[in-house]
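Here is a short note on the charged pairs in this model. Please read it with the coordinates open.

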Amino acid sequence: MEAVAAKPTPTKKASSRKIKKVAVLGSGVMGSRIACHFANIGLDVVLLDIVPRELNEKEKAKGLTLESPHVRNRIVNDALTFAVKSNPSPLYRKGAASHIKTGNFDDNMNLLSDCDWIIEAVIERLDIKQIVFGNVEKYRKQGSLITSNTSGIPIHQLTEGRSEDFKKHFCGTHFFNPPRYLKLLEIIPSPETDPEVVDFFMNYGDLFLGKTMVLCKDTPAFIANRIGVFSIQAIFHVMQEMGFTIEEVDSLTGPVTGRPKSATFRTSDVVGLDTLAKVAKGVYDNCPDDEARDMFNIPDYVNKMLENGWLGDKTKGGFYKKSRNAEGKRVIQTLDLNTFEYRAKQKPKFACIGAAKPVEDLKKRLVVLHKHGDKGSEFLNKVSHLLCEYVSNRIPEISEEIYKVDDAMRAGFGWELGPFEYWDALGVAKVVEDMEAAGKKPAQWVYDMIAAGVTSFYKVEAGVRKVYDPSSKTHVAIPGAESFIKLDNYRDQKPVWSNSGATLHDIGDGVLCLEFHTKMNAIGSEILQGINKSIDIAEQDGWKGLVIGNDAANFSAGANLAMIFMLAVEQEMDELDFAVRQFQRTTGRIRYSSIPVVSAPHGLTLGGGCEVCLHSDKVVAAAETYIGLVEVGAGVIPAGGGTKELALRASDAYYQGDVQIPLLQNNLMNIATAKVATSAHEAMELGLLRKGVDRIVVNGDRVIAEAKKAVLELDAAGYTMPSPREDILALGRAALGSFYVGISALHTAGYATGHDEVIAKKVADVICGGDLSVPSKVSEQYLLDLERKAFLELLLQRKSLERIQSILTTGKPLRN
């Protein structure tokens, strides 16, 4: 990821500019986390903030003064320490923080002299930002990039009084919090910004920062906040009109409609009501011609909360409040907007939600929700009518292209469908008809579109997704989309093969892609059949190779536990033995086929999903891949080749000069504690991804396209099928005894339950190759047989079945 520093010239081409060192000015919640994200990709980062004006009590007790270096950097150091310790972590791996050097505005501005990109993230006040930029101008090198993370101040105002070179290399870069996890990065150029600088940011943010890039006009609140805050305000007003409770609104505006779990009011608490009110007021004050301007007026109940200081999480209470009941257990209370007192959280019921929940396809589910006819449907229709009217009227004010609005809302607010995509799902003409009946009207261009016989904002032709362009009145290809592979774009063509759990797509250039589509992409017989059939087809019909990947939220949450539980309860041991053998044969087929197989994991990649990756010729993983062998939580051990594979990798490391016992011990502990890597980078450190073989892609939307490239590279290099391994060094008793002692010690100390001890010793048996009297070379099949035997023996134990049952009924493992 690191590259050569840019030369100090103001006319760099976007393709030649390189970023090696970045400065972030301001270490608040956003600044410190932006710094962490640049450190994630291996860049050197300078993080600066103000010098404290007075000593704190600890500093006084130590006899320090305001001139002490420790004191002068206290604000920035405390902020970075807090960020690094926060959960979820802003870092891919803890060691990345070493790339960040801290300092202050008074002593360390000279550190900007060799920075390629300087990002301002101080308080949202124009006068303060202008002072900061005046100081930046004194120290920056010619041609370096300068950007502001402002969320609403007009970009053109920020560069008043600055040099021509400063203005040419300046624009807005609006990150969303938390920067590691929210994918949106809005780029807002000023009239003086060099177009090549804009091109550079659009490319760099995508490839290196993993962002969904949206080029915005310099309009109030830009795109995402303009639409997102309007949506929240519309919900506030409709809620008040219909007399709904907070819980009722959140039940309708969360996952059931393709929105985040935090829905409306939990999101508001996280963002902060003061922040929300500030953005709304900014739009109201700066958009006098906005036809829906009054919607940005803060409702009375929100103003009262602001007066009370009930701002959300930052004040330990907002629409929701965490407290403890009489038994000392943590409970979440809800604000009653009628009494303005907190009460026990209620569980609302709507008939439309009951009817829609069984419908897994979001677009079909939305139709059920909006058509059902109860109060919930009425609420959703009122809100969607307001939103459709508003977004249609913002074209072309905030964007000429409607896809930018959808991209911004998906990437910045976590919506599964942007507003125009949502509208498409309900039927464009039908929504307009319903809007008119409710006294609402979309913009004229929507009527023109319908009159021309166009029925949707988006369509797919020959695998290419196109979007309606109001200016040309035609559908056009979305710029840059050719760099991505989205499997939804292949739905209109006949699949190469499919069954109820998997579909095999032709993704071009002689490469196939196997997509899982079971619930949570759990691996059962359908997916195992899909893997084997896909490899058969690729081998027999001359395909160059296979990608295993999908566009779902998660690659795979593991094996189908319900099937395993059913067979185990009925003591169908022969069937279980067959099922495990079939899983092992399938992962073996991935490893030993005549075509390259590349997996493209992202999100949850657990248990059997991890084992699929472990046996692939190459893994191209999204940075946000949470991968691990978690079977111990279900009372068993990895038996799809996962335990075998970690023994094999430790053996290979030994042959390359490493010490084998510590590697085996780490692998044993990772399996026995169901360790899940919190990023692909951590997975590399854990040995679940291979250094020098597997690769990490920061932008998760690119993993299938990059995996396809990897297949083509392997094919072009003359891929040949490897031979099954017969030379795995198994240590047997040489390691087993010490492992047993360590496991028993953990149980005695209370870190593991009795059943944890039983399972961990089974893992140790397999990873050491069983009770071998001396270290010996063994085959993969030998270890697979041990793996399968241990798995089946554990399923005969009641406590293992209790663990599986707990996961199936509560979603959580039982610690028994």
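How exposed is Glu397, in terms of relative accessibility? In this predicted model, Glu397 has 31% relative accessibility and counts as partly exposed.

1. Glu397 and Arg226. These two form a salt bridge, with the closest N and O atoms 2.9 Å apart. The pair links distant parts of the chain, 171 residues apart. Glu397 sits in the loop between α16 (375–393) and α17 (402–413). Arg226 belongs to helix α9 (residues 224–242). Arg226 is buried, at a relative accessible area of 0%. That value falls under the 20% cut-off, so Arg226 counts as buried. Glu397, at 31%, counts as partly exposed.

2. Glu645 and Arg591. Here the salt bridge has its closest N and O atoms 3.0 Å apart. Glu645 is in helix α25 (residues 642–655), and Arg591 is in helix α23 (residues 573–591). The two residues are 54 apart and link distant parts of the chain. Both are buried.

3. Arg72 and Asp107. Their side chains meet in a salt bridge at 2.6 Å, N to O. Arg72 lies in helix α3 (residues 69–72). Asp107 lies in the loop between β3 (100–104) and β4 (117–120). The partners are 35 residues apart. Arg72 is buried, at 13% relative accessible area, whereas Asp107 is partly exposed at 38%.

4. Overall count. A search of the whole structure finds 61 salt bridges. The pairs discussed above include Arg72 with Asp107 and Glu645 with Arg591.

Key: Residues numbered from 1 in each chain as written. Predicted model: local features only at pLDDT ≥ 70, side-chain atom pairs only at ≥ 80, totals over all residues. Heavy atoms only, no water. Salt bridge = Lys/Arg side-chain N within 4 Å of Asp/Glu carboxyl O. Helix = DSSP H or I, 4+ residues; strand = E, 2+ residues; numbered from the N terminus. Buried < 20%, exposed > 50% of the residue type's maximum accessible area, 1.4 Å probe, protein only.
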